[in-house]
Amino acid sequence: MDNGFFAMVSRMKYINRWALMRNEHSENLCEHSFEVAVIAHALAVIGNKRFGKQLSGERAALLGLYHDAPETLTGDMPTPVKYYSNEVREAYKTVEENACKSLISMLPEDFREDYSPALIPARGDEELWRLVKAADKISALIKCIEEKKAGNSEFVKAGEGIRAAIEAMDLPEAKVFAEEFLPAYEMTLDELKADNK
């Protein structure tokens, strides 16, 4: 359907993440994508302010906003399954690419060139996609921190693994975010407000 794109993207709110784990608060793709967009933008700003780069924070945010849109067609594949083997990873990558093309085909012809770069990696965006991948992992770590704060030990090991994966990315912007901004996620609302006085 040439006009189904926005209705399909809107369905991200019905797709819950972390399906294999007990959640104190369920998280859907809309919530996650918003957080990834905010963090990807922040990582670009960090790159520009602290490391003298010239990254487009707005483009990073846009890529973050749409990074999981193909899951409206594929569903959320649990990480242990998605990364089970190279064969599974490559097959899922092909499925995601086809889902992106299907989503783009749901736009009127004259809109497709505007939305295609938000869904399909374009030349020159490699560094921004690295930021989005880091933002995706940071968002997952934040989820683990929040679940742990709520007394749910189900996410402790996942948090340790995700933190190690972020460090292994060796991305200076992610390191700065982790050191300077992640500790605030451990705080209560009252502590955050008191810290701001």
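**View 1. The largest nonpolar core of the predicted model.** This core has 31 residues, and those touching the most other members are Ile39, Leu43, Leu131, Ile138, Ile162, Phe177 and Leu182. At least two core residues come from each of H2, H3, H8, helix H9 (156-168) and helix H10 (172-180). H8 supplies the largest share, twelve residues. Nonpolar side chains tend to be buried together in soluble globular proteins.

**View 2. Surroundings of Ile39.** With neighbours within four places in sequence left aside, Ile39 contacts Ala135, Ile138, Ser139, Ile142 and Phe177. A second, separate core has 15 residues, among them Phe5, Val9, Ile15 and Leu29.

**View 3. Helix H3 (residues 57-66).** Seven of the ten residues of H3 are buried, so the helix is largely enclosed by the rest of the structure. The buried residues are Gly57, Arg59, Ala60, Ala61, Leu63, Gly64 and Tyr66. They pack against helices H1 (5-10), H2 (29-51), H7 (112-119) and H8 (126-149).

**View 4. The salt bridge between Asp68 and Arg17.** The closest N and O atoms of this pair are 4.0 Å apart. Asp68 is in the loop between H3 and helix H4 (71-74) and Arg17 in the loop between H1 and H2, so the bridge ties together parts 51 residues apart in sequence. Asp68 is buried at 7% relative accessible area, and Arg17 is buried at 11%. A network of salt bridges links Arg17, Glu27 and Asp68.

**View 5. Salt bridges of Lys53 with Glu127 and Glu173.** The N to O distance is 2.9 Å to Glu127 and 2.7 Å to Glu173. Glu173 is buried, with 0% relative accessible area, whereas Lys53 is partly exposed at 25%.

Methods: Residues numbered from 1 in each chain as written. Predicted model: local features only at pLDDT ≥ 70, side-chain atom pairs only at ≥ 80, totals over all residues. Heavy atoms only, no water. Buried < 20%, exposed > 50% of the residue type's maximum accessible area, 1.4 Å probe, protein only. Helix = DSSP H or I, 4+ residues; strand = E, 2+ residues; numbered from the N terminus. Contact = heavy atoms within 4.5 Å. Core = buried A, V, L, I, M, F, W, Y, C linked by side-chain atoms within 4.5 Å. Salt bridge = Lys/Arg side-chain N within 4 Å of Asp/Glu carboxyl O.
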